[in-house]
Amino acid sequence: MLAFLDALSSGPLLLDGAMGTELLARGFPFSVCYEELNLSRPEVIAEIHAAHVRAGAEVVETNTFGASRLDRGVREVCEAAVALARGTGAYVAGSIGPCGRADEGRYRAVAEALSSADLLIVETMRNPAELLTAVRAAKRTGLPVVALASFTDENVMADGTTPESIAERLIDAGADVIGANCSEDLLDVAARMTGAPLAIVPNAGAPGAYRSPEAFAIEASRYFAIGARLVGGCCGATPAHIAALARLRR
Ligand SMILES: [Zn+2]
């Protein structure tokens, strides 16, 4: 198996869909600590990863999006999460989501606990300072880092930072792949984030109004068409959405 960045430079890769959407559908409400399920219900997490890989995902994200918010048990849940994703044979991306502030200690702890992954994905970050702090912490592991910003409907970050500006700062911070996630129309953002390989991870619409797998795939495949190297699905994207995207990509 090629190292992740070598694989990415030889051809675009398909990322999986949303873990939270699948857990909700399996009867685990958002009040449950999803990261703890890596220890208490590993078979459920493993089955969700397997469903995404059967759908065509070549990179799976660990069930650790909320690990940066945990006050204890970070190492345990992260190591279990990497092992569960590893079982699929796909590239394992350690997921690092926001804790709500630029807390270097928290991000270092999560990144270190995920360091047996193939790469780290810092995602759904709406605040530039927090995003850059997490990217620098992730870089310390020596793993490739994918840095995904989230934008408002006006295509700026929460403090008004533009796609051009955050792209430049992410590259300075050492991000290997840059891009955006968890918004619907990211074409404008994608065109404005230049200087490094691009990753775009759109959601499937708003909660309660998620688009069909086919409609999602038509939108998401446009990112492959404009040259994005890594595309997958955020909120609302199920294995059926990823399978539809895999079919269109061919
Ligand atoms: Zn999302």
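The model is a predicted one, where local features need pLDDT of at least 70, side-chain atom pairs count only at pLDDT 80 or more, and totals for chains, interfaces and linings use all residues. Residues are numbered from 1 along each chain as its sequence is written.

Let's start with helix H5, residues 74–86. (Helices are DSSP runs of H or I with at least four residues, strands are runs of E with at least two, and both are numbered from the N terminus.) H5 packs against helix H4, residues 42–55, at an angle of about 45°, with the axes 9 Å apart. Axes here are lines fitted to C-alpha atoms, for helices over the stretch in contact, and angles run from 0 to 180 degrees between N-to-C directions. That angle makes H4 oblique to H5, oblique being what is left once angles under 35 degrees (roughly parallel), over 145 (roughly antiparallel) and 65 to 115 (roughly perpendicular) are taken out. On the H4 side the contact uses Pro42, Ile45, Ala46 and His49, and on the H5 side Ala80, Leu84 and Ala85; contact means C-beta atoms, placed from the backbone, within 7 Å.

H5 also packs against helix H6, residues 104–113, at about 35° with the axes 8 Å apart. Here H5 brings Val74, Arg75, Cys78 and Glu79, while H6 brings Ala109, Val110 and Ala113.

Now look around H6 itself. Arg106, Tyr107, Val110, Ala111 and Ala113 are buried, meaning that 20 or more other C-beta atoms lie within 10 Å of their own, whereas 12 or fewer makes a residue exposed and anything in between partly exposed, with C-beta atoms placed from the backbone. An α-helix has 3.6 residues a turn, so residues three or four places apart point the same way. Over on the other side of H6, Glu104 and Gly105 are exposed. The cover over the buried residues of H6 includes H5, strand S3 (91–96), strand S4 (119–125) and helix H7 (128–139).

Finally, hop to Leu186, in the loop between strand S6 (177–181) and helix H9 (187–192). Leu186 counts as buried because it has 27 C-beta neighbours inside 10 Å. Leaving out residues up to four places away in sequence, Leu186 touches Ala180, Ile200 and Pro202.

Note on methods:
Two residues are in contact if their C-beta atoms, placed from the backbone, lie within 7 Å.
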